[in-house]
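Please read these notes with the model open beside you, and look up each residue as it is named.

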Amino acid sequence: MKFRSLLLLIAIVLCALATSAAAFENSSVVGQVPDRVVITLKPGVAFATEKAAGVTRANVPGLQDLAERFAVRGMEQLYGGMTEKFADKSIADRLSRVIAVDFPTEMGLQRVRDAFAASGLVEEVRLVDICRTYGYLPNDPGLLGSQWYVRNMNLGGADVRTVGAWNHALGDSNIIVAIVDSGVDWMHPDLGGSGPDYVNGAIWTNWAEYYGTPGNDDDGNGKIDDIRGWDFVNVPGQGYPDEDDATPDNDPMDYESHGTACAGTVAGIGNNGIGIAGVAHGVKIMPVRVGWLPDGTSQGVVRMDFASQGIVYAAANGADVINCSWGSTSYLSGAVASAVSAGAVICTAAGNDNTDNDPGLGVPSYLSTHPDVLSVAATQQNDAKSSFSNYGAWVELSAPGSDIYTTWYDRVSVTHI
């Protein structure tokens, strides 16, 4: 089956699952309002205004003198009628004495402040500070320049409102997302982090095997030394030159890049000053390799028996979300039922054929219409359907899928980009 479009469905699901608190910036003053001071009159100074000939005048002579001196545009009680709601009259009295004074900027903020403070009528004069919101925005260079799906800077554009979500919660490291795909470049600096063991980044670590005895199945799951997932591909001689196409093993490295791209959109390490920030960065990615790149082609494929093994493996090892962005058949029925029974959320891409069915099958692919699987169509920056995306009543969600800037593995130069 052909690989399906790279979508952000997992990211949306993960935003709902993420529970850890965001790392907020410290609030600090970024400026002051240049044309307003807020004064608190002394007790006993009764403030009122009257309007005549379009000019607002204060009933307190000293205040009116200052108003004329500084060409004050207006003076009003900052809290207005709200003060009457307080049963404690001392609170109401204090609030009623707080007056906002607006004047032309050219009069000089400090000059106006000093004059009111020296008037003998004022208990306190305050400048109005402007502070940063408590917000979290990762410092990854690709975030604002290239990741439109995270924060779309175009007028009328659409995104998944990730920046707002990050200020409520980030990805939870207890959440495991299995990328059942072409594998994952677990050594990518924006996924695995830095070596030598790559256990401090976004990649899931099977700690029983990591601390276990090499060559033993320490966790009893039938796979030896599966520290970071498993490679189920076993098609000797069918893969691209130098691709690992034979002998299932504990190295789910990606040679086609689709799985790496999916992993980056979900959990690319955030706030590390490089690359991108995955929309649910903080969660852990479980790499499960079930697809490969056939020799002489540019289109990856997935074999359904490998895929069924991968889905079961992911569920058995605690995956909360299982991503399957490729075409599928009913061969997967047993694997899907097992994963759903284990509590996993399975999601799939609607497909890339701009049709309401799969041209090769005459119907949408199996996972797309399965009642227990979330199927997602692709959208572009203007929130319209991507030109290639499949569609139909069987689609549950739509999410950004065009021009997705994410992590990649360059097979030719063997680099992580």
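1. The model is predicted, with local features needing pLDDT of at least 70 and side-chain atom pairs counting only at pLDDT 80 or more, while totals for chains, interfaces and linings use all residues. Residues are numbered from 1 along each chain as its sequence is written, and side-chain values use heavy atoms, with hydrogens and water left out.

2. Please begin with the open sheet of seven strands, whose order is β8-β9-β7-β12-β13-β14-β15 and whose pairing is parallel. At its edges stand β8 (230-231) and β15 (397-400), and each has a single partner strand, so one side of each is left without a neighbour in the sheet. Strands here are DSSP runs of E with at least two residues, helices are runs of H or I with at least four residues, and both are numbered from the N terminus; two strands pair if DSSP finds at least two bridges between them.

3. Within this sheet, β7 (residues 176-181) pairs with β9 (residues 284-289) in the parallel sense over six bridges, and A178 stands opposite M286 in β9. Three bridges join β7 to β12, again running parallel, with N323 in β12 as the bridge partner of I179. On β12 there is also a parallel pairing with β13 (residues 345-349), over four bridges, in which V321 has V345 of β13 as its bridge partner.

4. Which residues touch the most other members of the largest nonpolar core? Of its 33 residues, they are M286, V290, I311, I322, W326, L332 and L367, where a nonpolar core is a set of buried Ala, Val, Leu, Ile, Met, Phe, Trp, Tyr and Cys residues joined through side-chain atoms within 4.5 Å. Two or more residues of this core come from each of β7, β9, α9 (304-316), β12 (321-324), α10 (333-341) and α11 (366-369), and α9 gives the most, with seven residues.

5. Buried means under 20% relative accessible area, exposed means over 50%, and partly exposed lies in between, using a 1.4 Å probe and protein chains only. Strand β5 (residues 98-102) has five of its five residues buried, with V98, A100 and D102 on one side and I99 and V101 on the other. This strand is joined to β4 (residues 74-77) by four bridges, the two running antiparallel, and E76 stands opposite A100 in β5.

6. In α8 (residues 258-267), 10 of its 10 residues are buried, whereas the buried residues of α4 (residues 109-117) are L109, V112, A115 and F116. Seen down the axis of α4, these buried residues fall within an arc of 140°, so they line one face of the helix; the arc is that of the directions from the helix axis to the C-beta atoms.

7. The second largest pocket holds about 230 Å³ of space. A pocket is an open set of points on a 1 Å grid over the protein atoms alone, where a 1.4 Å probe fits, with protein on both sides within 12 Å along at least five of seven lines, and lining residues have an atom within 4 Å of a point. Grid points are joined across faces, edges and corners, and the volume is the space filled by probe spheres set on the points. β1 (29-41), α3 (89-96) and β6 (122-131) each supply at least two residues of its lining, and β6 gives the largest share, five residues. The lining divides into seven nonpolar, one polar and four charged residues, where Ala, Val, Leu, Ile, Met, Phe, Trp, Tyr, Cys and Pro count as nonpolar, Asp, Glu, Lys and Arg as charged, and the others, Gly among them, as polar.

8. Finally, please check some loop residues. D242 and S257 lie in the loop between β8 and α8. D242 has a positive phi near 75° and is exposed at 77% relative accessibility, whereas S257, with a positive phi of about 95°, is buried at 1%.
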